[in-house]
Number of protein chains: 2
Amino acid sequence: MEQFISPKKEAWKALLERPTASYKDLEPLVEEVFEAVKTNGDDAVRKYTKKFDGVTKETLRVSSAEIQTAIQRVSPELKASICLAKDNIERFHQAQRTATVRVTTQNGVECWQEKRPIQNVGLYIPGGSAPLFSTILMLAVPAQIAGCSEIVMCSPPDKNGALPDVVLYTANLCGIEKIYTVGGIQAIAAMTFGTESIPNVYKLFGPGNQYVTVAKQWATRFNMAIDMPAGPSELLVVADATANPAYIAADLLSQAEHGPDSQVILVTTATSILSAVQREITTQLERLPRKAIAEKAIANSKIIAFSTDAEAIDFINQYGPEHYIICMENEDDYINAIQNAGSVFVGNYTPESAGDYASGTNHTLPTNGYAKQYSGVNLDSFLKQMTFQKLSAEGIKGIGPAIEAMAEAEGLQAHKNAVTLRLNDLKNES
Amino acid sequence: MEQFISPKKEAWKALLERPTASYKDLEPLVEEVFEAVKTNGDDAVRKYTKKFDGVTKETLRVSSAEIQTAIQRVSPELKASICLAKDNIERFHQAQRTATVRVTTQNGVECWQEKRPIQNVGLYIPGGSAPLFSTILMLAVPAQIAGCSEIVMCSPPDKNGALPDVVLYTANLCGIEKIYTVGGIQAIAAMTFGTESIPNVYKLFGPGNQYVTVAKQWATRFNMAIDMPAGPSELLVVADATANPAYIAADLLSQAEHGPDSQVILVTTATSILSAVQREITTQLERLPRKAIAEKAIANSKIIAFSTDAEAIDFINQYGPEHYIICMENEDDYINAIQNAGSVFVGNYTPESAGDYASGTNHTLPTNGYAKQYSGVNLDSFLKQMTFQKLSAEGIKGIGPAIEAMAEAEGLQAHKNAVTLRLNDLKNES
């Protein structure tokens with residue numbers, strides 16, 4: 001990893017930069033698939049599944065029999081692990097429920113805010129090299145707690161046209177009944193428009209490759225909401241001399257193995273740890289099955305040393321990391337000062353893997369600097385807030401004249417009139 | 001208004017439809033302005049202000065002297081009305097604060113969720129025919145409560161190159177210091193990239209014409225978040241024989257005067273009120289200064305009668321109105337059943353105008369069916385949720401083996417290794 005010791009402010013811009021991949025050239029393909037699925041439904045989905053996944057699927061929905069078979073093939077140990085993770089995720093997301101907010105803003109004017117579930121949601125679970133069943137927990141558990149009435153899940157078929165056993169086990173454990181062996185652009189298009197077998201949804205969740213990313217963005221042209229914009233995963237570790245170099249290296253590598261474009265940054269106020277960290281990275285890297293991937297990511301990664309906490313904190317807030325590990329003696333200062341981060345991991349016993357799988361926090365997080373304005377997926381991601389108000393005669397008498405004056409000043413006479421009519425009636429009654 | 005009595009389900013699709021305006025042909029212009037502002041900053045902003053607003057502005061930011069002069073010119077009555085509205089909006093949005101969510105998901109695993117403000121936000125206040133100062137209250141008040149550190153406001157100049165007095169008064173009242181006489185695409189581009197005088201922001205709020213709508217959407221290509229997608233404003237009233245036909249007509253017209261594309265729908269379970277409502281609309285319309293606009297909107301609007309509450313509720317939920325007035329004897333049934341609506345107004349003394357200005361609820365709401373998946377602007381719109389976790393030695397021992405098993409099953413060995421290293425150290429210690 002390249003090292004930058006006490007970089008001047010002028011040099012920060014380059015250090016803060018993310019790779020900006022543009023997928024604009026994928027848009028014509030995405031548009032083509034969307035048009036086809038909109039017009040031809042399941043037939044188009046089958047056609048593109050054949051074309052992109054090399055698989056012929058007559059039935060897109062996974063049957064109960066297939067699910068039952070899959071459940072039996074998952075080892076009891078893995079099942080127990082998934083159940084432990086699910087319990088913790090459930091506990092943390094359940095605690096995120098909020099009560100109705102009810103305020104009498106002035107006499108006779110009652111306002112309240114309630115959250116109600118987004119009725120139909122779609123979960124996209126990527127396939128490819130690994131079965132990402134942990135993402136099912138992260139999306140389906142809060143969707144169920146929120147009370148979404150229809151949860152649709154799509155995931156691409158493997159070369160035999162099936163979904164991995166553990167994916168089906170986890171989906172079933174989370175109470176998802178509508179599981180489709182469909183991936184890529186055609187899955188996103190199907191959940192956007194609905195087909196004969198795949199229902200349309202109001203909001204799409206889940207990560208994916210660049211095709212899925214562009215397709216989710218494209219879906220927003222058709223009244224779809226999405227969880228958040230996507231980008232390569234990233235981790236920033238801030239560490240001082242109290243941190244363990246082996247743990248730091250292991251955490252950096254756990255991010256690096258995601259993909260060659262993963263962003264990994266170590267910020268430190270103690271240059272004394274640097275050689276030990278670099279040595280640990282080299283040693284640990286050798287043993288990784290995904291060494292080729294991690295090596296590329298590490299080559300693009302940076303170690304940045306600052307002489308003060310203030311500078312380090314300023315840099316971290318300007319970067320806005322998706323995952324942020326704090327291994328500092330004065331950890332509370334760093335916790336209190338963080339303005340922009342997806343999920344924060346505090347102390348030597350809190351690897352990113354904990355939140356990726358089992359601590360209870362969500363692992364679907366804003367990356368690419370989006371932590372500045374987006375929340376990670378949480379219970380509210382599956383709810384929307386609605387406001388209500390009820391005025392009594394006293395209420396309208398109290399705020400009516402102010403509404404009349406403001407509507408008049410905005411040139412909206414009919415807005416004023418809706419109040420005047422009522423006020424006149426109340427005057428005549430009394 | 002056209003009437004539909006007991007429409008069959010097959011006919012609903014047409015009744016639920018919104019006008020779908022596509023602004024795709026505006027994209028080349030938006031792209032041009034964005035590129036110019038990105039490259040030439042203030043110079044480009046000035047050039048397009050001259051071109052689109054017909055005004056030459058050397059200084060884009062409004063000076064304190066201009067603000068002070070404006071404040072003196074607003075009438076005390078209007079000031080008092082705005083203050084009353086601001087108080088109510090403040091009270092309701094203040095109550096939306098939530099405490100930190102803190103959960104020990106299992107022994108030694110502490111997870112918490114905190115909300116922190118989006119640091120830089122941009123408020124777009126449209127100009128044009130009327131000075132929409134009420135929107136400043138709706139956006140600036142929650143931004144201040146959230147604690148956003150930089151609030152930037154842009155609004156287009158009138159033909160004399162100025163902003164209306166009441167706009168400056170309200171912005172100042174809400175503590176906004178950075179006010180720019182810049183509108184349209186160039187305002188959105190300036191807040192996206194930043195210029196010499198206008199800071200860039202992380203999230204954009206506020207309504208606007210089709211140019212602003214497309215520009216906000218375009219800004220999302222450059223790491224910008226937006227409050228919500230835009231569309232014509234709309235109102236659905238559900239009323240039975242206990243409702244007052246004059247009030248219903250006044251409420252429908254208050255929505256209709258917004259623009260010729262406003263969507264106005266009356267759903268009723270009592271056909272007995274229909275002739276009185278139609279008569280009231282005709283009479284009241286005659287007296288409106290914005291009659292020409294309201295008349296066009298009313299001509300496209302619909303009255304739909306259902307014979308049962310269940311059908312009415314089903315229809316309303318499928319429509320998902322931005323504004324929803326309930327004037328029904330069994331109002332609680334309708335309140336409890338609503339799944340998709342922006343803001344709900346209950347009873348004969350609660351016109352939409354109340355929420356537009358002064359009850360305390362927000363008037364920046366999801367339209368065009370987006371109530372199915374979007375919240376209206378609320379305190380959370382200016383915050384993002386971050387999660388934190390801290391594991392003790394006991395904590396990692398408790399969940400470590402589950403993480404190892406899951407990481408292994410996902411083929412992510414480095415994720416597993418980050419846990420294994422720590423568990424081995426703990427074993428050796430004990």
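**Helix packing and ring pairs**

Analyst: To start, the crossing in which α5(B) passes α6(B) is right-handed. Bear in mind that this is a predicted model.

User: What angle do α5(B) and α6(B) pack at, and how far apart are the axes?

Analyst: Helix α5 (residues 76–94) and helix α6 (residues 133–146), both of chain B, pack at about 40° with their axes 10 Å apart. That angle makes α5(B) oblique to α6(B).

User: Which residues make the contact?

Analyst: From α5(B), L78(B), I82(B), A85(B), K86(B), I89(B), E90(B), H93(B) and Q94(B). From α6(B), F133(B), L137(B), M138(B), V141(B), P142(B) and I145(B).

User: And by class?

Analyst: The contact of α5(B) with α6(B) has 10 nonpolar, two polar and two charged residues.

User: Next, α8(B) and α9(B). What is the crossing angle there?

Analyst: Roughly 20°, with the axes of α8 (residues 184–193) and α9 (residues 210–219) of chain B coming within 8 Å. Angles under 35 degrees count as roughly parallel, so α8(B) is roughly parallel to α9(B). The crossing of these two helices, α8(B) and α9(B), is right-handed.

User: Which residues touch?

Analyst: On α8(B), G184(B), I185(B), I188(B) and T192(B). On α9(B), Y211(B), V212(B), A215(B), K216(B) and A219(B). The residues of that contact divide into six nonpolar, two polar and one charged.

User: Change of topic. How many aromatic pairs are there over all chains?

Analyst: A search of the whole structure finds 20. One of them is W12(B) with F306(B), an edge-to-face pair at 5.4 Å centre to centre and 70° between the planes.

User: Where do W12(B) and F306(B) sit in the chain?

Analyst: In distant parts, 294 residues apart. W12(B) is in helix α1 (residues 9–16) of chain B, and F306(B) is in the loop between β11 (302–305) and α13 (309–319) of chain B.

User: Are W12(B) and F306(B) buried or exposed?

Analyst: Both W12(B) and F306(B) are buried.

User: What about Y48(B) and F52(B), stacked or edge-to-face?

Analyst: Stacked, because the planes are at 20° and under 30 degrees counts as stacked. The ring centres of Y48(B) and F52(B) are 5.6 Å apart. Both residues lie in helix α3 (residues 42–53) of chain B, four residues apart, which is about one turn of the helix.

User: Is Y48(B) buried or exposed? And what about F52(B)?

Analyst: Y48(B) is buried, at 1% relative accessible area, whereas F52(B) is partly exposed, at 37%.

User: Last one: which residues do ring pairs link into a cluster in chain A?

Analyst: W12(A), F306(A) and F315(A) are linked into a cluster by ring pairs.

Notes: Residues numbered from 1 in each chain as written. Chains lettered and ligands numbered in written order. Predicted model: local features only at pLDDT ≥ 70, side-chain atom pairs only at ≥ 80, totals over all residues. Heavy atoms only, no water. Axes fitted to C-alpha atoms, helices over the stretch in contact; angles between N-to-C directions. Parallel < 35°, antiparallel > 145°, perpendicular 65-115°, else oblique. Left-handed = near helix turned anticlockwise from the far one by under 90°. Contact = heavy atoms within 4.5 Å. Nonpolar A, V, L, I, M, F, W, Y, C, P; charged D, E, K, R; others polar. Phe/Tyr/Trp six-rings, centres within 6.5 Å; stacked < 30°, edge-to-face > 60°. Buried < 20%, exposed > 50% of the residue type's maximum accessible area, 1.4 Å probe, protein only.
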